[in-house]
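Hello,

Here is the structure I promised to pass on to you. Have a look at it first, and then read on for what I found in it.

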Amino acid sequence: MSQHAFPRNFKTNYLKASHGKGIYIFDADGKKYIDGCSGALISNIGHAVPEVAEAVAAQFGKLEFAHPSRWQCDIVEEAAALVAGLAPEGLDNVWFVSGGSEAVESAIKLARQYFYERDGGATSKYVTIGRWNSYHGSTIGTMAVAGSMARRSVFSPIFAESPKIAATYCYRCPFGLEHPSCGLRCGHQLESEIRRIGAQYVTSFIAEPIVGSTVGALTAPDGYWPLVREICDKYDVLLIADEVMTGCGRTGRNFAVDHWNVVPDIIATAKGLAAGYVPTGAIIAKDALLEPIRNGSGAFMHGHTYNGNPISAAAVIAVMKYMKEHKVIENVRGVEHIFAEGLRKIESENPIVGETRGKGFMWGVELVRDKRTKAPFEKKSGAANVATRECIDQGLIIYPGNGMVDGVEGDNFLIAPPLVTTEVQAREIVEKLSAGLASAAKKLL
Ligand SMILES: Cc1ncc(COP(=O)(O)O)c(C=O)c1O
């Protein structure tokens with residue numbers, strides 16, 4: 001059969017997905033795989049949940065679309081109230097979009113328009129500071145604030161680069177320091193960067209509370225997020241938390257910033273929000289950001305055709321209901337220790353596992369050629385892809401990433417199964433992972 005939908009990679013042999021159930025996806029031959037990364041940390045409640053399918057189908061039968069330039073739908077308001085209810089106190093305003101990149105773009109634009117309207121059109125603020133080793137999406141604007149060179153280098157000539165500070169990459173600290181004696185140097189770098197640029201030009205700082213796909217679940221040391229909150233307040237800079245991967249229960253809290261009791265000005269979220277059932281994202285913003293717009297021009301100058309569509313709203317409501325009724329976040333908190341302990345054991349036994357890190361159901365594994373020196377594998381060895389193939393042979397899907405050491409070398413992967421994974425299933429995942437990585441080590445060393 002000729003192929004018209006061109007693939008992400010012409011040189012990859014893709015599995016053919018036939019159907020799913022719970023944490024499993026079945027291929028065209030009926031072979032069962034554990035979706036050990038929830039797609040890309042999306043399928044939080046597992047596959048083919050009938051309650052969600054029924055709720056979405058019911059909405060299709062009632063009203064599939066009403067353009068937001070003309071209409072408001074009660075179901076969208078109902079979904080927004082639930083999403084705001086998940087967010088920290090004070091983040092009450094929800095703007096629905098179709099995915100994570102759109103959510104991040106919306107956050108960056110809202111930050112700029114807030115200052116523009118607050119200062120009567122006379123603001124000089126326009127810069128968003130990002131971090132190296134981050135991913136915020138595939139659009140031109142999100143690539144500009146992100147810092148994953150491996151993914152951006154082809155396109156960097158076509159966007160205006162935003163300034164960057166270091167990520168909280170303690171395993172390879174760019175300052176050659178160690179936590180906690182480092183005094184959170186990477187966090188303090190935000191202050192020097194704002195001062196270097198001039199606070200009068202900076203609207204916002206964007207970061208993933210736990211870095212997802214670029215580095216593999218880099219978890220900020222305690223103290224980092226409260227520190228960046230304090231710096232942002234000091235310089236009249238908005239704090240944007242990109243919770244596209246970490247939001248909606250993934251790390252055992254509603255949002256990952258809740259681990260540190262930090263309230264950002266804007267949260268960008270997607271993925272787990274509708275858990276893969278329909279393309280959906282959102283920003284959740286403090287009322288103070290909308291106040292000058294409400295009293296000024298009256299309109300957020302940003303809009304997509306599918307903003308706040310009723311089908312996405314139906315899916316969000318159904319997913320949130322399912323999560324509450326099945327105590328999904330409580331499940332993450334109860335089961336996460338199996339991953340923590342299992343990965344620690346793999347790290348101590350496997351010669352190519354340099355570090356494991358994460359929280360809740362979001363774990364990263366960094367692969368190295370030499371554990372003592374932390375030397376990465378050469379790019380041409382494709383270590384993360386080798387590990388992925390070996391795990392797939394075990395019936396376990398993981399999510400590979402690379403290039404985080406210097407933009408070229410470095411291999412990692414995420415292990416992040418659906419949040420409904422039981423204790424027994426979690427043990428099976430750890431076993432398969434251990435076996436897959438043992439054969440990857442044999443192939444790579
Ligand atoms: C942290 C983060 N932000 C933004 C995005 C972009 O989301 P989307 O692919 O839905 O546009 C992603 C996607 O992986 C992500 O991980």
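Let me start with helix α8, which spans residues 224-234 and has Tyr224, Trp225, Leu227, Val228, Arg229, Ile231 and Cys232 as its buried residues. Please keep in mind that this is a predicted model. Just past the end of α8, you will find Asp236 with a positive phi of about 60 degrees.

**The open sheet**

Both of those strands belong to an open sheet of 7 strands, ordered β4-β12-β11-β10-β7-β5-β6, with mixed pairing. Which strands stand at its edges? They are β4 (91-97) and β6 (164-165); each has a single partner strand, so one side of each has no neighbour in the sheet.

Strand β5 (residues 127-131) runs parallel to β7 and is joined to it by 3 bridges. Within this pairing, Ile129 has Phe205 of β7 as its bridge partner, and Thr128 stands opposite Ser204, also in β7. Towards β6, β5 again runs parallel, this time with 2 bridges, and there Gly130 stands opposite Lys164.

Is β5 mostly covered or mostly open? It is mostly covered, with 5 of its 5 residues buried. In a regular strand, side chains alternate between the two faces of the sheet. In β5, Val127, Ile129 and Arg131 point one way, while Thr128 and Gly130 point the other way, and all are buried.

Domain 1 brings 36 residues to the contact and domain 2 brings 30. On the side of domain 1 that touches domain 2, at least two residues come from each of α1 (38-41), α11 (328-349), β13 (353-359), β14 (362-367), β15 (399-402) and β16 (411-415). That side of domain 1 is made up of 17 nonpolar, 12 polar and 7 charged residues.

Two of these strands, β15 and β16, pair with each other in the antiparallel sense, over 4 bridges. Gly401 has Asn412 in β16 as its bridge partner. Along β15, Tyr399 and Gly401 point to one side and Pro400 and Asn402 to the other, and all of them are buried.

**The nonpolar core**

The largest nonpolar core holds 135 residues, and those with the most contacts inside it are Ile283, Ala315, Val319 and Leu414. Which helix gives the most to this core? That is α10 (residues 310-325), with 10 residues. The core also takes at least three residues from each of domain 1 (17-48 + 327-444) and domain 2 (53-325).

Leu414 deserves a click in your viewer. Beyond its neighbours within four places in sequence, Leu414 is in contact with Cys37, Leu41, Gly212, Ser213, Gly216, Ala217, Met362, Trp363, Gly364, Ile398 and Tyr399.

**Around the ligand**

The ligand is surrounded by 16 residues, and the closest are Gly99, Gly100, Ser101, Gly137 and Val244. Helix α4 (residues 100-118) supplies the largest share of this shell, with 3 residues. By class, the shell has 6 nonpolar, 8 polar and 2 charged residues.

Finally, here are two residues from elsewhere in the chain. Asn295 is found in helix α9 (residues 287-295). Is Asn295 buried or exposed? It counts as exposed, because it has 10 C-beta neighbours inside 10 Å, and 12 or fewer is the cut-off for that class. Asn295 and Arg118 are 177 residues apart along the chain, yet their C-alpha atoms are separated by 9.4 Å.

His19 lies in strand β1 (residues 17-21). With 12 C-beta neighbours inside 10 Å, His19 also counts as exposed. Leaving out residues up to four places away in sequence, His19 touches Phe26 and Ala48. Gly30, 11 residues from His19 in sequence, is 8.8 Å from it in space, C-alpha to C-alpha.

Technical notes. Residues numbered from 1 in each chain as written. Predicted model: local features only at pLDDT ≥ 70, side-chain atom pairs only at ≥ 80, totals over all residues. Near = placed C-beta within 6 Å. Nonpolar A, V, L, I, M, F, W, Y, C, P; charged D, E, K, R; others polar. Contact = placed C-beta atoms within 7 Å. Buried ≥ 20, exposed ≤ 12 C-beta atoms within 10 Å, placed from the backbone. Core = buried A, V, L, I, M, F, W, Y, C linked by C-beta atoms within 7 Å. Domains from an automatic or database assignment. Pairing = 2+ DSSP bridges.
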